[in-house]
Amino acid sequence: MGKYFGTDGFRGEAGIAVTAERAFKVGKFLGWYFGARQNRKCRAVIGKDTRLSSYMLEYSLAAGLTSVGADAHIMHVTTTPSVSYVTRCDGFDFGIMVSASHNPYYDNGIKLLNDRGEKMDDGVIALVESYLDGDFTAFGGKDIPFAHGRDIGRTVDYVAGRNRYVGHLISLATCSYKGLRIGLDGANGSAFQIARSVFEALGAKTYMIGDVPDGTNVNDGVGSTHIGALCDLVVKNSLDFGFAFDGDADRCIAVDANGSVISGDEEMYVLANYLHSRGELAHGKVVCTVLSNGGFIDSLAACGITCEVCDVGDKTVCDTMAKTGAVLGGERSGHVVFSKYETTGDGLVTAVLLMEAIVENGGFEGLLKGYKSYPQITLNVPVVDKMQAMSGVEAVANKLRKDLNVRLVVRPSGTERVIRVTAEGESEELCALACKIMEGKIRENI
């Protein structure tokens, strides 16, 4: 992780860490890097979620881009995966998404995508960070010059790109959802319109919550990180299934007809077996992260499917998929990547393909047959200085791994000011004890 950019973009409190001035500089640098330095006009596409500050940052980015001669195409409120899709399919030089994903409304972020719709290369991110810190070495010691006259860029309304993405989602389905009652939770975020449009176009009767964004209620008691609201909706209305998305809809957590939560691991188990049965799971392999439950890995192994385990972050998942040739990968949090369709996690694609598996199976019952999970607990410890909080932590973790026979992952979050502690072992009690001891060590540091 860099000074500003973490595992999923530049994220922090809007107006304090993520400011209009910094957004302007990000746009200005990228417009120069991808265009002006090569004496050509480049094209960028920008999307945003529903946060109050997203409008401020969207226009600041557009101002930075156009000030150096780049054209900024504005998709307005849309999902991160839609920006990825449009960047790749419509020939843009890069894409930008304004969102803090699952964070509360007062945070915001800037996600950068390359021309393939993938997370921006680390080398370019490093140059952006240097520019934000006032390092003009790459420009001969002087700031990037502004364009003038006919060379100034323009902004273009590009809502058509979002509509084309909706058509892409609908085209993925081969089954009709007519007669099915589906609950949807838009998290008062990017998916609040798109999700309903897709499922109703496919024939489902939809029941929706999290679809009245006001700028300050994104992820507030709804969405994939507050799944209880969708559980209640499904049970109270006797629905067949439900899907909850986060603020920018790059993740999805499901709920079955009984109100039971289907985690990202369980989603991937169903999808891996679905693709495997169709001969579409290349090399019989999926990619998961160190936070996936060990039971998920063992359950897939019993089905003849192997797991390639990597570090946390959907960029890491995508990179590992590319290296291993896997076509399916993801995280327990609900980031699931299908390389056949996308180059990043997409909650709506996950929902559509889960529905395909459900409809072809005649229902959800039986799709998790053979799946098991081991006791696992995750604890988030709020901190101010993540580096200070991690001092000496690994030595304590190593001792606990030996003494309690637990699998323990302790890592600073790349998106929030917390240290995440995940313990997996023979019992909930051992996991809870390991988490409590680790929390004590972290709080001792701070």
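This is a predicted model: local features need pLDDT of at least 70, side-chain atom pairs count only at pLDDT 80 or more; totals for chains, interfaces and linings use all residues.
Good morning, colleagues. I shall begin with the mixed sheet. This open sheet contains 5 strands in the order β9-β8-β10-β11-β12, and its pairing is mixed. At its edges lie β9, residues 205–209, and β12, residues 261–262, each of which pairs on one side only. Within the sheet, β8, residues 181–185, and β10, residues 241–245, run parallel and are joined by 4 bridges. In that pairing, Ile182 stands opposite Phe241 of β10.

Two helices pack on this sheet. Helix α6, residues 194–201, touches β8, β9 and β10. The direction of α6 makes about 165 degrees with that of β9. Helix α7, residues 228–236, touches β8, β9, β10, β11 and β12, where β11 covers residues 252–256.

I turn next to the antiparallel sheet. Here 3 strands form an open sheet in the order β17-β19-β18, with antiparallel pairing. The edge strands are β17 and β18, the latter spanning residues 407–412, and each pairs on one side only. Direction ignored, neighbouring strands of this sheet are turned by 15 degrees against each other on average. Between β18 and β19 there are 6 bridges, and the two strands run antiparallel. Pro412 stands opposite Ile419, a residue of β19. Helix α14, residues 428–445, lies across β17, β18 and β19 and runs at about 15 degrees to β17.

Which strands each supply at least two residues of the lining of the largest pocket? They are β17, residues 376–382, and β19, residues 418–424. Of these, β17 gives the most to that lining, namely 4 residues. The volume of the largest pocket is about 1000 Å³. It is lined by 38 residues, and those closest to its centre are Arg251, Arg332, Ser333, Thr378 and Arg420. By class, the lining of the largest pocket comprises 18 polar, 11 charged and 9 nonpolar residues.

The second largest pocket holds about 840 Å³ of space. Of its 31 lining residues, Arg11, Gly12, Lys386, Glu416 and Arg417 are the closest to the centre. Three elements each supply at least two residues of this lining: β1, residues 5–6; β2, residues 9–13; and α12, residues 386–389. The largest share comes from β2, with 5 residues. The lining of the second largest pocket divides into 15 nonpolar, 9 charged and 7 polar residues.

Where is Ser53 placed? Ser53 sits in the loop between β3, residues 43–48, and α2, residues 54–67. Is Ser53 buried or exposed? Ser53 counts as buried, because its relative accessibility is 11%, and the cut-off for buried is under 20%. Leaving aside neighbours within four places in sequence, Ser53 is in contact with Ala14 and Asn108.

Thank you for your attention.

Notes
Residues are numbered from 1 along each chain as its sequence is written. Side-chain values use heavy atoms; hydrogens and water are left out. Two strands pair if DSSP finds at least two bridges between them. Contact means heavy atoms within 4.5 Å. Axes are lines fitted to C-alpha atoms, for helices over the stretch in contact, and angles run from 0 to 180 degrees between N-to-C directions. On a 1 Å grid over the protein atoms alone, a cavity is a set of points where a 1.4 Å probe fits but cannot get out, and a pocket is an open set with protein on both sides within 12 Å along at least five of seven lines; lining residues have an atom within 4 Å of a point. Grid points are joined across faces, edges and corners, and a volume is the space filled by probe spheres set on the points. Ala, Val, Leu, Ile, Met, Phe, Trp, Tyr, Cys and Pro count as nonpolar, Asp, Glu, Lys and Arg as charged, and the others, Gly among them, as polar. Buried means under 20% relative accessible area, exposed over 50%, partly exposed in between (1.4 Å probe, protein chains only).
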